[in-house]
Amino acid sequence: MSVTQLKTHPLMPNGQVGRAVPRLESLAKVTGREDYTHNLRLPGMLHAKIVRSTVAHGRILAIHTEEAKAVEGVHSVVTCEDIRAIIPEPFFGPAFHDQPILATGKVRYVGEAVAVVLARDPHIADAAAQLVRVDYEELPAVYDEVEAATSNVYVHETLKPAGTFPDLKHLEGKRDTNVALDYRLIRGDAEAAFARAAHVFAHDFTTQQVMHTPFEPMISVAEPTSAGLTIHTASQSPSFVRIEMARLLKWPENRIRVKTSHLGGGFGAKLYIKLEALAAALALLAGLPVRVALTMEEQFYTITKHATTFRIKSGVDADGKVIARRCDVWWNGGAYADIGPRVTQKSGFTAAGPYDIDNVYLESVAVYTNRPPAGALRGFGIPQLVWAYESHTDLIARGIGMDPVEFRRKNILRDGRPHATGTIMQDAAIPEVLERTAERIGWDQPFARGTGTIRRGRGIAIGFKASISPTTSVAIVNVSADGSVTLYSSTVDMGQGSDTAMAQIVAEVLNVPTEGVCVVRPDTDVTPYDMATLGSRSTFHMGNAVRLAAEDAKTKLDQLATELGLPARSNIPVDQLFKKKYGMQAGNVIGIGSFIPSYKSPDHDTGLSDNVTPFWMIGATAVEIEVDTETGHVTITRMVNVCDVGTPLNPKVVETQISGAAIMQLGFTMSEKMELDAGQVTNASLADYKIPSILDIPHLMESEAVVATQHSGPFGAKGVGESATFGVSPAIANAIEDAVGVRVTALPITPEAVYRAMRAAANTPLEDF
Amino acid sequence: MADLRTISFTLNGRPVTARVAPHHSVVELLQNEFGLFGARESCGQGLCGCCTVKVDGDPVSACLFLAVFLEGTRVDTVEALAKGGVPSIVQQAFIEAGAFQCGFCTPGFIMMTERLLEEHPDPDEDLIRHYLSGNLCRCGTYPEIIAAVQLAARRRSAARLDKAS
Amino acid sequence: MIPFALEEPASLAEAVRLIDPEDPTCRPISGGTALMLMMKSGVFQPSKLVSLRRVEPRFSAFAVTPDGGLEAGALVRLGQLERADAVRAAFPVLADTFRVLSNVRVRNVATLGGNLAHADPHMDLAPVLMALGAHVTATGPSGSRAIALADLFRGYYETSLEPDELISGLSVPAQAGRRSAYVKCTTRAAHDWPALGVAVSLAVKDGTIEDARIVLSAAVETPTRMTEAEAALKGAPIGEDAFRAAGAAAAKAAEVTSDVRGSAPYKTQLVRVNVARALRKAIASEGAA
């Protein structure tokens, strides 16, 4: 059913990079022996059960814990007042220090953690948690992102930017606003260009709040140690957790040890800091290991993907060239900022799309609301933007009577031309991805339109993303005296195959088999700093650091040979080198690599930068669909996903990343939606929140990585994990219009939405409810 | 805990006993008493299949199965499939087809596939999809899973033919 | 889950005795799939469960009778029926329904009695059995009685069983050439609960529909016969006109509710379309042996 045509990509000289190496941890995963953090049990460990807010916005008047404390087997009941004894300022977050470890004073969304019951037996903690009562004075709440931007219901009294990011500093102490960040980009003169445009098109699009639902639910286990504290956590960013915990506790970093295992999925849910501060505070208070493990339901109250509203307007000249574009994007950040303000800016600046447009005016605002917080989810905001600008692109093409692919071709952004920020495009195979996608789907071929109640259509869409910058990765490669090689890196393998890809880089440089390279799991006492595993940055950033570390080790081995009087690059086995040097099997060679790309922060007033990102990711999707005109059901019969991933390090892993990303976005397109009733999520379970099953995917799925090279990447490679999410949603909406002539502008595309649109178009609208 | 009782059953071919309370699930029992983590709780509702084990030969959701009900049964978990470090045909097919990413759902898919191929040695794609529709993979490796099941079916047929000849 | 007491009686009579009709926190458990979900989510917190798993083996047995009917104990697991060739031959519609009913693991555990007594309106089996004219046997302290499926479901998660009555068996009459079909219509993902279930059973002769049973589920509060639509089909020649008329009649009569799977007006349209589709599917199917 799946046809893959990863174009022939080069195998590097030592046969490691470019080879479809099965994941190094394959055997552990198929035998059930993978040691997820989920499996960890420590002597004396207490289980934590969180008591959550039942109101969307309210002042906490009292927390009644006596009844719960009296339950036999309960160790303690903890509130924020208890935590203040060890962490006087218990507020965390990567962009803003706005999130309390447990609610204090106020609650800002339904599901917010208010108190915790600790017990040896998790069932007792569960039972006792139900006995904790909280009195609230309810306050008015605000849920919609556009409304919240100007509402006088304020989620926070003042803005508290973290200070980590220079471009957030101006927000410090700002009062009476829900806007956590307002990014603006001004290129040329959009208003003047609209005035002279032959056609002007304006549309509104929305996306819904969704959740990552990683299958290993979020978990952190904290353990007091003689040095201080060890946190075992299913985290995508162990280095960040350590730094943030050190700040909260006012400890030096080296007293805190953060360890991760392989993660049972992440997708952005396990980024920055989530349960770690709570687990750490509880462990320090109790003097015992504490396990904070969420259920699938609780994940919906912890982190989500931004709902958005996007108003987009374009001016087009008589030849079909887009000469002006205005974008206004509102990001529904929920009650706490998490990384939302970064999403707003770092993705926001691409909101005008992968097109060559001289005049762009763009505003992108992060807005606090009384919903569960939103952060990064596979694409860092890009899929929400592409949904709007590629739906809009199709509407323009139809509006001016031009073929949608031809219209894109005419306006596409090519290498050597400036992006809206002013950065000159480089190693961005946007035209190639568009052409290959059109070719694979057979855009120029005749297409059967269906008969009777089944109508067929096809659609195409393309999007792009800038890598988040500036970020740092550090790696260590150790060559032992027997020649075996170990890699120390804090990149977290959550399923994307990074351990394998990094091992391939080491193996290629040192000319050893990949399968023999040991990759040490992230452990901040052992593995060096890495910013985080996010935004498809690891292949490029950590990949470069690993390559440098391996090359450093190789250089040192060569120096050792020279020192021993052997000709450089002689093929003497490595173990013989060490034996010769030490007279026995002893010693090691350590290679170190550190990588940070150059970057220039966008100007505060214009949003412009001539070096806004180290690399671009490109993804396009084309689909063939069938619409049941009696019910609005849409069946995707064929899906083609084409990406620019540079040169794949591991073609098999790349293929799975492409199809997997597209399938995830298919869920966000067709079925997934967090239903909210007065701020309460009413479908926080897989029974009622429907992710795609094996019956929901297209019978034909095709993946392709175009022939491309990221010249600054390791062996020509760059990020892979998100690119295939970009085009999925608008490609499907475009195909629906192709099939039945109606346009859906809100996600998810339910059968009812399609059916209603058809009835409205036929002038026989279906009554509301 | 009140009302602990002792149950006896066969776990991966060995007779075992355990002390359980009525509200303990099979997942808890396997993890806490036997150190078997291949069946794991994710959705907690029997929908994702991460907790799949076989009871008397039939796959069940161990997160919805009370441990006390194992009395007298035969329980098989994913840990028993590989013999002497050699993966089963199905496990090997999953590795070769690259049919997982994070791996959290993988034991469940493998346990289901083992049973599918016992019942239907030569399943068509439609049957594979229906049989596995109660297992979810958030990484979206479904295309590779279908390929893995087909590969395993071919290898099992070949192995049967070899035995027969 | 909250700790609770568990009884495991060796006879059905003993189980009936152990169930306290005055205590809503005391309930029977067989397969337990639905009950476990309610317990894990905290919707139901039992003080005592009475397991039926050790009652007399006859309640776990089933047989297709010589005339082609089905007699099954309440503890028969759905998967047992699904895999039985005799059941498949006598009731092709049951095999077709099991394919889309929850998943393999649930079918391996869930029992007939538990499935029906749970009375969740989204269940797939209840409308089909209703269309087939089935009845259950209910057993209580004072003996057993037969309840037609049509009389079993009283409302949303509500049955006509007395608090101390258990479903002990299921009887499905021989179908004598009737043609049946079930259509499960989902609106989000394929593995969702149905937005609408439509079960139909037809007696046809010489190109004419002699008798029709049409049952809706999921979109309505409880599985419901569509008597107007059935009347519209009686004596009608097989064909699109009849199917459409039945769909329209059902759409007019059904008291459809709104939920996350669709608004009432939309689900009414689904009724209109899917009743016709179910009738088409039944006619295209092979009649029961």
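Modeller: Two strands pair if DSSP finds at least two bridges between them; strands (E, at least two residues) and helices (H or I, at least four) are DSSP runs, numbered from the N terminus. Here the bridge partner of A:Leu185 is A:Leu362, in S19(A). S10(A) pairs with strand S19 (residues 359–368) of chain A in the antiparallel sense over 8 bridges. This is a predicted model, in which local features need pLDDT of at least 70, side-chain atom pairs count only at pLDDT 80 or more, and totals for chains, interfaces and linings use all residues. Residues are numbered from 1 along each chain as its sequence is written, while chains are lettered from A and ligands numbered from 1 in the order in which they are written.

Colleague: What order do the strands of the open sheet have?

Modeller: The order of its 5 strands is S10-S19-S18-S17-S11 in chain A, with mixed pairing. Strand S10 (179–187) and strand S11 (199–207) of chain A are the edge strands, each pairing on one side only. Neighbouring strands are turned by 5 degrees against each other on average, direction ignored.

Colleague: Which helix packs on the sheet?

Modeller: Angles run from 0 to 180 degrees between N-to-C directions, with axes fitted to C-alpha atoms, for helices over the stretch in contact; contact requires C-beta atoms, placed from the backbone, within 7 Å. Helix H11 (residues 382–399) of chain A touches S11, strand S17 (307–316) and strand S18 (322–334) of chain A, and its direction makes about 145 degrees with that of S11(A).

Colleague: How is a nonpolar core read?

Modeller: In soluble globular proteins, nonpolar side chains tend to be buried together. A nonpolar core is a set of buried Ala, Val, Leu, Ile, Met, Phe, Trp, Tyr and Cys residues joined through C-beta atoms within 7 Å, where buried denotes 20 or more other C-beta atoms within 10 Å of the residue's own, these atoms being placed from the backbone. The largest core has 412 residues, of which A:Val117, A:Val506, A:Ile736 and C:Ala246 touch the most other members. Not counting residues up to four places away in sequence, A:Ile736 touches A:Gly457, A:Ile625, A:Val627, A:Val634, A:Val742, A:Val744 and A:Val754.

Colleague: How many residues of domain 1 of chain C are in contact with domain 2?

Modeller: Domain bounds come from an automatic or database domain assignment, which gives domain 1 (58–172) and domain 2 (179–284) for chain C. In chain C, 18 residues of domain 1 are in contact with 20 residues of domain 2. H8(C) gives the most to the domain 1 side, with 5 residues. The centres of the two domains, taken over C-alpha atoms, are separated by 21 Å.

Methods:
Contact = placed C-beta atoms within 7 Å. Buried ≥ 20, exposed ≤ 12 C-beta atoms within 10 Å, placed from the backbone.
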